[in-house]
Amino acid sequence: MDDPAVQVTGAAENLVKAQLKSPSTAEFQDEKVLERSSDYFLVYISVDAENSFGTKLRSQFLVVCQMSDGTHYQYDKQNAVQSCQNPPTDDEIAMTKTLNNWPKQ
């Protein structure tokens with residue numbers, strides 16, 4: 001069985017690409033699972049991609065995915081991907097978790 005952290009990082013990349021103006025230009029610089037709680041994963045991603053004017057910019061995102069059956073992931077279409085700073089602040093992490101119904105511990 002594949003490592004769930006590797007699988008969720010790939011799923012998070014796809015969700016971030018869907019947010020970009022030019023997804024074919026995406027070059028992922030940093031990806032890591034920041035937290036895991038049960039079947040929820042919080043992933044940090046830094047990506048270089050072209051904007052609407054063709055200028056390559058670096059952007060950072062927090063992504064929340066929930067493992068549904070060991071190989072597939074669910075996510076909230078409105079809230080799964082959130083822009084953040086590098087590194088993400090505690091407030092950004094807390095807000096992203098709240099928006100995505102992160103389980104209480």
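Biologist: Which residue forms a salt bridge with Glu35?

Modeller: Lys97 does, with the closest N and O atoms 2.7 Å apart. A salt bridge here is a side-chain nitrogen of Lys or Arg within 4 Å of a carboxyl oxygen of Asp or Glu. Bear in mind that this is a predicted model, where local features need pLDDT of at least 70, side-chain atom pairs count only at pLDDT 80 or more, and totals for chains, interfaces and linings use all residues. Residues are numbered from 1 along each chain as its sequence is written, and side-chain values use heavy atoms, with hydrogens and water left out.

Biologist: What does the Lys97 and Glu35 pair tie together?

Modeller: Lys97 lies in helix H2 (residues 90-99) and Glu35 in strand E1 (residues 27-37), so the pair ties together parts that are 62 residues apart in sequence. Helices (H or I, at least four residues) and strands (E, at least two) are DSSP runs, numbered from the N terminus.

Biologist: Is Lys97 buried or exposed?

Modeller: Lys97 counts as buried, at 18% relative accessibility. Glu35 is partly exposed at 26%. Buried means under 20% relative accessible area, exposed over 50%, and partly exposed in between (1.4 Å probe, protein chains only).

Biologist: How many salt bridges by that rule?

Modeller: Four. Among them is Arg58 with Asp48, whose closest N and O atoms are 2.6 Å apart. That pair links distant parts of the chain, with Arg58 in strand E3 and Asp48 in strand E2, 10 residues apart. Asp48 is buried at 12% relative accessibility, while Arg58 is partly exposed at 48%. Another of the four joins Lys32 and Asp30, at 3.5 Å from N to O.

Biologist: Switching to the strands. How many bridges join E2 to E3?

Modeller: 11 bridges, between E2 (residues 40-50) and E3 (residues 56-67), which run antiparallel. Two strands pair if DSSP finds at least two bridges between them.

Biologist: What stands opposite Ser46?

Modeller: Gln60 in E3. The two strands, E2 and E3, form a hairpin with five residues between them, and Gly54 in the turn has a positive phi of about 85 degrees.

Biologist: And which strand pairs with E3 over two bridges?

Modeller: E4 (residues 73-74), in the antiparallel sense. Gln66 has Gln74 in E4 as its bridge partner. E3 and E4 form a hairpin with five residues between them, and Gly70 in the turn has a positive phi of about 95 degrees.

Biologist: Where is the bridge partner of Val63?

Modeller: In E5, at Val81. E5 (residues 81-83) is joined to E3 by three bridges, and the two run antiparallel.
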